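Reader: Hi! I'm new to reading protein structures. Could you walk me through this one?

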Amino acid sequence: MPPQTDLLPPSSSAPPPVKNDGDDAVPRIVPVRRTGRWTAAVAVLVLLALALNSVIRNEAFEWDVVISYFATASVLRGLWLTLWLTAVVMVLGFALGALLAVLRLSGNPVLQAVSWGYVWLFRSTPILVQLLFWFNIGALYPQILGVSTVTLLGPVTVAVVGLTLHEAAYAAEVVRGGILSVERGQIEAAQSLGLGPWRRFRRIVLPQAMRSIVPPAGNMLIGTLKGTSIVSIIAVQDLLYSVQLVYHRTYQVIPLLLVATLWYALVTSLLSIGQRYVERYYARGTAGAR
């Protein structure tokens with residue numbers, strides 16, 4: 001064959017070359033100037049620096065007193081009671097809340113009404129009113145099973161009972177919402193495989209429901225830790241009551257309140273970190289897992 005010399009047919013014409021010189025040059029991309037954003041950031045940093053400087057240099061905070069009382073025996077005993085009370089209330093509250101959630105989701109209208117009524121009652125009254133009511137329960141029932149209520153229900157027991165019953169009302173709604181978040185098709189598929197109710201709940205429903213339960217449960221844990229400070233009103237020697245005993249004697253109110261504040265901030269920060277890892281564990285395989 002003769003060599004082919006023309007790459008294009010005679011009727012075709014190649015496009016003219018693009019010139020990049022002069023007025024036809026490709027425009028240069030200039031990044032957007034975010035003057036307002038940087039100005040606001042600098043202003044906020046300046047205000048934060050001024051606030052931090054005033055806190056550190058203000059002698060009224062008495063940081064030397066804060067340091068001296070931060071790890072004293074009385075404060076640590078109060079901190080331990082706060083942590084113990086938080087753990088007991090969360091375990092008992094979620095156990096009772098899970099039972100209430102199951103009753104609410106059952107097909108029995110009486111059990112549904114009882115569960116709904118419990119949640120309505122304990123969510124409708126302030127926790128302080130509930131604690132004071134249980135603290136004065138002896139006025140209604142001087143004896144329970146032949147035992148004096150004053151002996152049976154001490155301040156710590158009243159705190160556990162009052163906080164647990166209050167916590168269970170909110171835990172019931174958290175657990176119920178988590179169970180309802182599981183698609184009905186998952187449960188029907190497990191039923192078609194012949195799985196029993198308990199195994200179906202443990203292997204299918206609960207692992208998927210935990211994705212929705214863990215975030216609000218973590219917030220409830222942190223809220224319960226801080227909410228235990230209310231038991232100081234009934235003379236339970238938690239962290240807040242322990243520092244109150246000290247500053248009632250020394251009149252150093254601000255530094256002792258700072259001791260309690262720093263301990264609460266430290267513990268809640270650790271709980272927040274733990275909550276993040278638990279959320280990531282149960283969010284495995286989802287688009288939101290990070």
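Author: Happy to! This is a predicted model, and its largest pocket has a volume of about 440 Å³.

Reader: How do the lining residues of the largest pocket divide into nonpolar, polar and charged?

Author: Ten are nonpolar, two polar and two charged.

Reader: What about the second largest pocket, how much space lies in there?

Author: About 370 Å³. Its lining has 20 residues, and Phe-94, Met-210, Ile-213, Val-214 and Ala-217 lie nearest the centre. Helix 9 supplies the largest share of this lining too, with nine residues. By class, 17 lining residues are nonpolar and three are polar, with no charged ones.

Reader: Switching topic: which residues touch the most other members in the largest nonpolar core?

Author: In that core of 17 residues, they are Val-75, Leu-239, Val-243, Leu-256, Val-259 and Trp-263. Helix 2 (63–69), helix 3 (73–105), helix 10 (239–250) and helix 11 (253–282) each give two or more residues. Helix 11 has the largest share, seven residues.

Reader: So what does Val-75 touch, leaving out residues up to four places away in sequence?

Author: Val-75 touches Tyr-69, Phe-70, Leu-239, Ser-242, Val-243, Val-259 and Trp-263. There is also a second, separate core of 16 residues, including Val-182, Ala-209, Met-210 and Met-220.

Definitions and conventions: Residues numbered from 1 in each chain as written. Predicted model: local features only at pLDDT ≥ 70, side-chain atom pairs only at ≥ 80, totals over all residues. Heavy atoms only, no water. Core = buried A, V, L, I, M, F, W, Y, C linked by side-chain atoms within 4.5 Å. Buried < 20%, exposed > 50% of the residue type's maximum accessible area, 1.4 Å probe, protein only. Helix = DSSP H or I, 4+ residues; strand = E, 2+ residues; numbered from the N terminus. Contact = heavy atoms within 4.5 Å. 1 Å grid on protein atoms, 1.4 Å probe; cavity = no way out; pocket = protein on both sides within 12 Å on 5 of 7 lines; lining within 4 Å. Points joined across faces, edges and corners; volume = space filled by probe spheres on them. Nonpolar A, V, L, I, M, F, W, Y, C, P; charged D, E, K, R; others polar.
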